[in-house]
Amino acid sequence: MTLGISCLLFIIIFCFDSEYSIYYRILVLEILATIMDISWLYQGAEDFKKITIRNLIIKTLSIILIFTLIKDESDLIIYMLIYVLTNVVGNGSLWINITKYIDFKYIKSVNIRKYIKPAVTMLIPQIASSIYTVLDKTMLGALCNDISEVGYYEQAQKIVKISLTVITSLNTVMVPKIAKNFYDGNIEQVNKYMGKTFNFIWFLGVPMMLGIVTISNKFVPWFFGDGFEKVVMLLNATTPLIVFIAFSTAIGSQYLMSIGKQNIHTKTVIIGAIINAITNFLLIPKLMSMGAIIASVLAEGTIAVIEIIYIIKKQGIKLSIIFDKCWNYIIAGVIMFVITWMVGEKMEAKMLTTLIQMLIGSSIYALVLIILRDKFFIESVHNIEDKIKQKLKKARS
């Protein structure tokens, strides 16, 4: 119902008598895709296989269509159609097996009121986060005479946000587990799950941050083309968001929401939004897109720090659970960074260089963790090996 109202308001406000009305009309399909999204059902049932397969197929199809059909800036409408239609198809595909989980019955009346308060509680941080994400670009466009600065900012943010989806994907798995154990009073198990989450963030976050900085000066020229040289500097400055957002998402959306403390996350996000707006106003006129990047990093860093302090002081999460294992990944990441940087400096800016840097970097990172006998990494490798062996055994039988 709420999405239907949102869709109607969107059409009335944006889809008529506007310079960009054709693009807004296409984006109506994005709202339709959101209405069709029932991935939450599979998350609650802990059936992540269907979501993973869906995402893999849709993202792969989208990339293939973009590289096949998009030739120049005149293909913007085609690009937008690819983006929204793949989302519609992907979310629509989740309805195929829905009868496995629920039975459709006619209900005469539903008491919606009791769901409004918890829904609004979860909605507010989403709105606050969305506002200051959009506010960055809005203020950048308003306070900066060069509109291309918005493009530089957007591209740098986009690369980092893509990296983030890998790390934050663990939240999907952990939320139902933490909620159930907290409800059952098994706090020790809740803390164990959070420990694994923080370990996972350090394990992937550190090499992603340092890896992006390592490859950026060779990656940006061939990926974005001429005129986007400034993205290298912006991309490097944006990388702390990977760890900051990963922590705030894990603590806010995964832990605080599961234990009924969503209001704490809401307050911290609002604080972050205020800091973001003030910093944007002060820095954008002088630093342009770099000012917006600094504002984003400062806001997300503040949110992460406040939430970390809260769960340590109020929820009894030990500092060691959060930071105990980070040094292995920092050491491995720095060694990876130095060697990969040296390799890239001797090569040209092309796709092959980026692939070689990524291959060498990941190999060195894994090798150093093995030398350091990192328990999390070694156990993860053994788990993957066991699953492969089990699948091979089933295939043979």
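Predicted model: local features only at pLDDT ≥ 70, side-chain atom pairs only at ≥ 80, totals over all residues.
Visitor: What relative accessibility does M288 have?
Guide: M288 has 30% relative accessibility and counts as partly exposed. Buried means under 20% relative accessible area, exposed means over 50%, and partly exposed is in between (1.4 Å probe, protein chains only).

Visitor: Which loop holds R373?
Guide: R373 lies in the loop between α15 and α16. R373 also has a positive phi, of about 55°, without being a glycine. With a relative accessible area of 69%, R373 is exposed.

Visitor: Overall fold, then. How many helices and strands are there in the protein chain?
Guide: The chain has 16 helices and zero strands. Of its 397 residues, 38% are buried. Contact means heavy atoms within 4.5 Å. Among the contacts with a separation of 6 or more, 76% join residues 24 or more positions apart.

Visitor: Which residues form a nonpolar patch on the surface?
Guide: W327, I331, V334, I335, V338, I339, W341, M342 and L372 form one, with about 780 Å² of accessible area together. Patches are made of residues with over 30% relative accessible area and no salt bridge, joining like charges within 9 Å and nonpolar side chains (Val, Leu, Ile, Met, Phe, Trp, Tyr) within 5 Å. One of the members, I335, is in helix α14 (residues 326-345). I335 counts as partly exposed because its relative accessibility is 34%.

Visitor: Charges next. How many salt bridges does the structure hold?
Guide: The structure holds one, where a salt bridge is a side-chain nitrogen of Lys or Arg within 4 Å of a carboxyl oxygen of Asp or Glu. The partners are E149 and K230, at 2.8 Å from N to O. E149 is in helix α7 (residues 148-183) and K230 in helix α9 (residues 230-238), so distant parts of the chain, 81 residues apart, are linked.

Visitor: E149: buried or exposed?
Guide: E149 is buried at 4% relative accessible area, whereas K230 counts as partly exposed at 22%.

Visitor: How many aromatic pairs does the count come to?
Guide: The count is 15. Rings of Phe, Tyr and Trp (its six-membered ring) pair if their centres lie within 6.5 Å; planes under 30 degrees apart count as stacked, over 60 as edge-to-face and the rest as tilted. The W202 and F247 rings have centres 5.3 Å apart and planes at 65°, so that pair is edge-to-face. W202 sits in helix α8 (residues 187-224) and F247 in helix α10 (residues 240-256), 45 residues apart. Both W202 and F247 are buried.

Visitor: What about the rings of F203 and F377?
Guide: Their centres are 5.9 Å apart and their planes at 40°, so the pair is tilted. F203 lies in helix α8 and F377 in helix α16 (residues 375-396), so the pair ties together parts 174 residues apart in sequence. F203 and F377 are both buried. Elsewhere, ring pairs link Y152, F219, W222, F223, F224 and F228 into a cluster.

Visitor: Last one, T353. Which residues is T353 in contact with?
Guide: Leaving aside neighbours within four places in sequence, T353 is in contact with K218, M347 and E348. T353 is in helix α15 (residues 351-371), and T353 is buried at 0% relative accessible area. A polar atom of the T353 side chain lies 2.5 Å from the backbone oxygen of E348.

Key. Residues numbered from 1 in each chain as written. Heavy atoms only, no water. Areas by Shrake-Rupley, 256 points an atom, 1.4 Å probe, with all protein chains shown as cover. Helix = DSSP H or I, 4+ residues; strand = E, 2+ residues; numbered from the N terminus. Polar contact = N/O pair within 3.5 Å; in protein donor to acceptor, adjacent residues only side chain to side chain.
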